[in-house]
Amino acid sequence: MAITHYKGSMLNLGVPSIRELLISTIGASKFKHFQIGDKHFLVSLNIYDGTTNDLLSIIYEYDATHININPFKQIQSIETKGAFDVESFNINNIVEGTVDYFMVVANERSGEDYIQQSIIYKYDPNNSTDPFQTFQSIF
């Protein structure tokens with residue numbers, strides 16, 4: 001397990017400077033911050049640990065009560081296969097009058113198999129254990 005230094009601006013989180021956060025990773029390929037309402041998330045994608053591409057990638061949520069220590073707390077792990085990119089987006093649900101929030105993870109490979117499905121996750125604010133639920137697989 002490696003310790004990755006994620007250096008990023010926390011100005012939009014109410015912290016007036018750039019900080020270093022220590023986050024444990026295994027073969028991290030990308031970090032992505034996104035916001036849903038007043039919640040801030042950080043995703044750590046893991047691509048390869050020296051043995052396999054089939055790894056867990058981690059979703060963290062910002063906790064302002066721990067600002068003086070590592071404020072990002074792990075809330076969920078997701079199975080990935082050589083994960084190399086992640087994006088978030090939202091869609092206005094006109095029928096229900098709500099906004100649906102999504103995260104898509106691009107998977108690249110599992111061993112020598114380069115044909116992998118990417119996964120779209122839908123955010124469920126009522127699910128405190130695994131708030132990002134698999135919504136759809138795409139090629």
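This report describes the strands, sheets, aromatic pairs and nonpolar cores of a predicted protein model.

## Overall make-up

The protein chain contains zero helices and 10 strands, and its elements, read from the N terminus, follow the run β-β-β-β-β-β-β-β-β-β. Of its 139 residues, 39% count as buried, while the accessible surface of the chain comes to about 8100 Å², with 51% of that area belonging to carbon and sulfur atoms.

Contacts along the chain can also be sorted by separation in sequence: among those between residues at least 6 apart, 35% join residues at least 24 apart.

## The sheet β3-β4-β5-β6

Four strands make up an open sheet in the order β3-β4-β5-β6, and their pairing is antiparallel. At its edges stand β3 (28–36) and β6 (72–81), each of which pairs on one side only. Neighbouring strands of this sheet are turned against each other by 20 degrees on average, with direction ignored.

Within this sheet, strand β4 (residues 39–46) and strand β5 (residues 54–62) run antiparallel and are joined by four bridges. S44 has I58 of β5 as its bridge partner. S44 can also be placed relative to T25, a residue of strand β2 (residues 18–25): the two are 19 residues apart in sequence, and their C-alpha atoms are 7.4 Å apart in space. T25 has a relative accessibility of 3%, and therefore counts as buried, since the cut-off is under 20%.

## The sheet β7-β8-β9-β10

A further open sheet of four strands has the order β7-β8-β9-β10, again with antiparallel pairing. Its edge strands are β7 (83–93) and β10 (132–138), and because each has a single partner strand, one side of each is left without a neighbour in the sheet. The twist from one strand to the next averages 25 degrees.

Strand β9 (residues 118–123) runs antiparallel to β10, and six bridges join the two. One of the residue pairings involves Y121, whose bridge partner in β10 is T134.

## Aromatic pairs

The count of aromatic pairs comes to eight. Y123 and F132 are both buried, and together with F34 and F41 they form one aromatic cluster.

In soluble globular proteins, nonpolar side chains tend to be buried together. The largest nonpolar core of this model has 15 residues, and those with the most contacts inside it are F34, F41, I59, M103, V105, Y121 and F132. Two or more residues of this core come from each of the elements β3, β4, β7, β8 (98–107) and β9. Apart from this core lies another, of seven residues, which includes F31, I58, Y60 and Y62.

F132 links several of these descriptions, as a member of the aromatic cluster and one of the residues with the most contacts inside the largest core. When its neighbours within four places in sequence are left aside, F132 is in contact with F34, I36, F41, I59, I75, Q76, M103, Y121, K122 and Y123.

Methods: Residues are numbered from 1 along each chain as its sequence is written. This is a predicted model: local features need pLDDT of at least 70, side-chain atom pairs count only at pLDDT 80 or more; totals for chains, interfaces and linings use all residues. Side-chain values use heavy atoms; hydrogens and water are left out. Buried means under 20% relative accessible area, exposed over 50%, partly exposed in between (1.4 Å probe, protein chains only). Contact means heavy atoms within 4.5 Å. Accessible areas come from the Shrake-Rupley method with a 1.4 Å probe; for residues, only the protein chains shown count as cover. Two strands pair if DSSP finds at least two bridges between them. Axes are lines fitted to C-alpha atoms, for helices over the stretch in contact, and angles run from 0 to 180 degrees between N-to-C directions. Rings of Phe, Tyr and Trp (its six-membered ring) pair if their centres lie within 6.5 Å; planes under 30 degrees apart count as stacked, over 60 as edge-to-face and the rest as tilted. A nonpolar core is a set of buried Ala, Val, Leu, Ile, Met, Phe, Trp, Tyr and Cys residues joined through side-chain atoms within 4.5 Å.
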